Amino acid sequence: MKKLLLTVAAMALGMSVYAGEVTFDFLTDNYGLPAYNEDLSNNSPYAPNNAVATTGNVQIEFSYTPQEGDEAGGWRMWSDGLRAYNKRAPYFTVSTTNGEKVTGVKWTVVSGATFALEGTDDNINSWEGNEEDVTFVYTASSNKAVQTITVSYGNDSIDPVPDTPTAPEGTITVAEALQLIADGYTGNATVAGVISDITEISIQYGNATYIIKDKASDEEGLTVFRGKYLNGESFTSEDQLEVGASVVVTGELVLYGTTPEFTTGNYLLSYNGEVGEEPETPENPDNDIFSESFASSLGDFEIVDVDLPEALTYVWSFAANYGAKASAYVGGSNHAAESWLVSPAINLADYSDVTLSFEHAVNYANGNPVEDFCKVYVAEAETTNWTELTDIVYPEGNNWTFVNSGEISLTAFNGKTIQVAFAYTSTSEVAPTWEIKNFVVTGNTESDGIEAIDTENNTPKVYYNLQGMRVNNPEVGGLYILRQGNKTSKVIVR
């Protein structure tokens with residue numbers, strides 16, 4: 001009843017009010033933090049400082065104070081929860097992502113773990129109030145685990161959610177762009193600045209990633225992700241950019257995880273005073289057919305759980321800092337599972353030389369080939385005859401470093417409508433974590449004059465389940481083995 005009354009009051013005041021409660025359960029989920037792994041002699045690595053875990057509208061930032069001569073982290077996943085290491089003075093800060101006030105925090109811990117509200121000396125196990133954010137400091141003399149943190153948020157004194165800012169006119173500064181993004185703006189802008197850092201100039205892909213600031217001494221900058229050169233042209237030399245150069249960049253501003261950036265499709269309007277011409281197709285200089293950054297959600301991708309054990313409620317999820325994420329590690333154990341993340345239909349009509357690329361990171365493969373657990377398939381949307389893509393650059397499988405998959409040819413599907421699937425599998429011995437972002441399908445709009453030839457025979461299709469038993473009426477959404485003539489493939493029935 002109280003929640004209903006609050007909603008009615010909010011409608012009367014013309015503001016948006018949210019109220020709810022979420023629980024972070026560190027016995028069943030690591031929330032993007034380095035996962036516990038009982039096979040490692042020293043267990044999981046420490047979480048990085050200021051690591052953020054998010055559930056619903058609530059986020060918790062886990063921090064610590066590095067000690068001289070001992071820079072290890074203050075938080076680490078363990079079999080009994082998320083452990084706080086007293087030597088590094090750990091603390092955590094609770095806030096919300098949509099402007100609601102935090103009204104309550106309570107936690108369950110392994111006996112001996114104690115916390116105090118920041119600035120006080122009294123140990124507590126719960127807190128009530130009405131704050132934008134609230135911090136709790138670990139006070140115990142031993143290293144103990146937090147098992148759950150429950151957060152309530154939202155009440156009738158919540159500040160109105162600010163309106164989304166409108167698109168800026170003319171050229172703006174980096175500081176103005178950063179403020180727009182902080183206020184929730186996503187859209188086109190033109191920004192002037194100075195190059196402070198150059199991350200990469202890729203001759204292979206013809207783009208560059210760099211950071212611009214208003215002044216080199218500024219602390220915060222705006223990332224220009226995979227931008228093009230003047231006139232929207234590709235970069236052809238690694239020395240086309242230099243630190244200190246004055247630039248004007250135009251494109252779409254977004255917040256990718258916690259990074260404010262120009263997303264793909266941006267290009268230089270001027271470089272050190274040299275002004276370029278506007279490209280003929282500035283909205284799509286790369287001939288992008290379809291893209292999904294996974295910066296704010298899983299987009300229109302669909303999750304198909306083929307084998308989901310009782311211990312798991314999901315395999316694929318969205319993590320703001322990492323994009324699409326798959327893992328079958330929960331509660332301190334690996335689990336055998338299979339789950340696919342399937343793209344919407346992608347129409348390749350009028351395109352040739354079609355390629356696919358994405359960035360991905362894999363950890364906890366435990367020395368096994370990553371491609372044994374993380375596969376990518378493509379199929380015509382009408383047939384669901386999945387073909388495994390093998391020309392993929394895979395990560396090493398033992399860290400969180402993102403690598404580019406390389407440009408994967410899809411020319412066999414030119415002119416067709418396709419779907420792409422990321423297929424994750426795991427065992428009770430090995431359950432890697434797979435993270436994916438910046439999925440892009442590109443192509444050439446100039447026809448090569450060659451029509452794709454469909455060599456698929458017209459023999460009857462016979463379906464089998466994964467145990468090898470014939471199935472006369474396969475269920476929609478299920479994974480089956482399809483045999484047609486002499487060809488056998490794994491398919492999802494739609």
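Trainee: How many aromatic pairs does the count come to?

Mentor: Please bear in mind that this is a predicted model. Rings are taken as a pair when their centres lie within 6.5 Å, and by this rule the count comes to 28 aromatic pairs. One of them joins F26 and F62, with 5.8 Å from centre to centre and 80 degrees between the planes. Planes over 60 degrees apart count as edge-to-face, and the pair of F26 and F62 is accordingly described as edge-to-face.

Trainee: Which parts does the pair of F26 and F62 tie together?

Mentor: F26 belongs to the loop between strand 1 (20-25) and strand 2 (51-55), while F62 belongs to strand 3, so the pair links parts that are 36 residues apart in sequence. As for accessibility, F26 is buried at 2%, and F62 is likewise buried, its relative accessible area being 2%. A further edge-to-face pair is formed by F294 and F301, with 5.0 Å between centres and 65 degrees between planes. F294 counts as buried at 0% relative accessibility, and F301 counts as buried at 8%.

Trainee: Which residues form one aromatic cluster?

Mentor: Both F26 and F62 are in that cluster, and its other members are F24, Y31, W75, F92, W107, F115, W127, F136 and Y138.

Trainee: Is strand 6 largely enclosed or open, and why?

Mentor: One reads this from the burial of its residues. Strand 6 (residues 91-96) has five of its six residues buried, so the rest of the structure largely encloses this strand. Its pairing can be read next. Strand 3 (residues 58-63) runs antiparallel to strand 6, and six bridges join them; within this region, S63 has Y91 of strand 6 as its bridge partner. Strand 6 also pairs in the antiparallel sense with strand 11 (residues 133-138), over five bridges, and there F92 has F136 of strand 11 as its bridge partner.

Trainee: Which residues of the largest nonpolar core touch the most other members?

Mentor: This core has 45 residues, and those touching the most other members are W316, L356, F422, W434, F439 and V441. Several strands each supply at least two residues of the core, among them strand 21 (288-292), strand 29 (352-363), strand 34 (417-426) and strand 35.

Trainee: With which residues is F439 in contact, leaving aside its neighbours within four places in sequence?

Mentor: The contacts of F439 include F290, F294, F301, L356, F358, V420 and F422.

Trainee: Where is D183 found, and is D183 buried or partly exposed?

Mentor: D183 is in the loop between helix 2 (174-182) and strand 14 (187-202). Its relative accessible area is 39%, and D183 is therefore partly exposed. From C-alpha to C-alpha, D183 and P165 are 6.7 Å apart in space, although 18 residues apart in sequence.

How values were computed. Residues numbered from 1 in each chain as written. Predicted model: local features only at pLDDT ≥ 70, side-chain atom pairs only at ≥ 80, totals over all residues. Heavy atoms only, no water. Core = buried A, V, L, I, M, F, W, Y, C linked by side-chain atoms within 4.5 Å. Buried < 20%, exposed > 50% of the residue type's maximum accessible area, 1.4 Å probe, protein only. Helix = DSSP H or I, 4+ residues; strand = E, 2+ residues; numbered from the N terminus. Contact = heavy atoms within 4.5 Å. Pairing = 2+ DSSP bridges. Phe/Tyr/Trp six-rings, centres within 6.5 Å; stacked < 30°, edge-to-face > 60°.
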